[in-house]
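Here's a quick tour of a single model, written to be read with the structure open beside it. We'll go from the overall layout down to individual side-chain contacts.

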Amino acid sequence: MSSETLERIARNKNVARAAARQLSMEQLHKLSDVIGEVIEQKNEEEKLRKQEEADKERKLAEIREAMNDAGLSVEDLVGEQPRRRRGRPPKNASGS
C-alpha cells in the first residue's frame with residue numbers, strides 16, 4: 001500500500017471504511033495495534049524533539065547572558081566577514 005493510498009484513507013472516512021470492508025476482523029485488530037504503536041512512537045519522537053528544542057533555547061539564553069555579562073557582542077566573536085564578489089567569475093586563462 002503506497003503512502004498516497006494511506007493519505008487518502010486518513011483524509012476521507014468513506015475511503016477508510018471501504019478499505020476496512022476488505023479486511024477481516026483479525027486484520028483490522030492487527031492494523032489497529034500497529035497504528036497504535038506508530039502513534040505512540042511518533043508521540044515519543046515529538047516529545048523528544050520538543051525537549052531538545054527547549055534545551056537548545058536554554059543554552060542559547062545562557063550564552064547570551066554570559067556574553068552580556070562579559071560585555072561581548074556577536075560581532076566581537078565573528079569578526080569581519082569577507083566581502084562577496086558580485087558579478088560573473090573571471091574567464092579561464094586557458095582561453096577556451
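## Layout and overall shape

Starting at the N terminus, the elements of the chain go α-α-α-α. That's 4 helices and 0 strands in total, where helices (H or I, at least four residues) and strands (E, at least two) are DSSP runs numbered from the N terminus. The chain's radius of gyration is 28 Å, well over the 12 Å the globule rule gives for 96 residues, so the chain is more spread out than a compact globule. For reference, that radius is taken over C-alpha atoms, and the rule is 2.2 Å times the number of residues to the power 0.38. The C-alpha trace spans about 70 × 55 × 20 Å along its principal axes.

Keep in mind that this is a predicted model, in which local features need pLDDT of at least 70 and side-chain atom pairs count only at pLDDT 80 or more, while totals for chains, interfaces and linings use all residues. Residues are numbered from 1 along each chain as its sequence is written, and side-chain values use heavy atoms, with hydrogens and water left out.

Buried residues account for 1% of the 96 residues in the chain. Here buried means under 20% relative accessible area, exposed means over 50%, and partly exposed is in between (1.4 Å probe, protein chains only). The chain exposes about 9,800 Å², with carbon and sulfur atoms supplying 50% of that area. Those areas come from the Shrake-Rupley method with a 1.4 Å probe, and for residues only the protein chains shown count as cover.

## Helix α3

Helix α3 covers residues 25–70. Its 46 residues reach 67 Å from first C-alpha to last, close to the 68 Å expected at 1.5 Å a residue; that expected span is 1.5 Å times one less than the number of residues. Just after α3 comes G71, with a positive phi of about 75 degrees.

## A nonpolar patch

L23, L31, I35 and I39 make a nonpolar surface patch of about 330 Å². Patches take residues with over 30% relative accessible area and no salt bridge, joining like charges within 9 Å and nonpolar side chains (Val, Leu, Ile, Met, Phe, Trp, Tyr) within 5 Å.

The structure has 3 salt bridges, each defined as a side-chain nitrogen of Lys or Arg within 4 Å of a carboxyl oxygen of Asp or Glu. Which residues are linked in a network of salt bridges? They are E46, R49 and E53. The E46 and R49 side chains meet at 2.5 Å, N to O, and these two are 3 residues apart in α3, so about one helical turn separates them. R49 also pairs with E53, with the closest N and O atoms 2.2 Å apart; E53 and R49 lie 4 residues apart in α3, about one turn of the helix. As for accessibility, E46 is partly exposed at 34%, R49 is partly exposed at 36% and E53 is partly exposed at 44%.

Further along, R58 forms a salt bridge with E62, the closest N and O atoms being 3.1 Å apart. R58 and E62 are 4 residues apart in α3, about one helical turn. Both ends are partly exposed, R58 at 43% relative accessibility and E62 at 44%.
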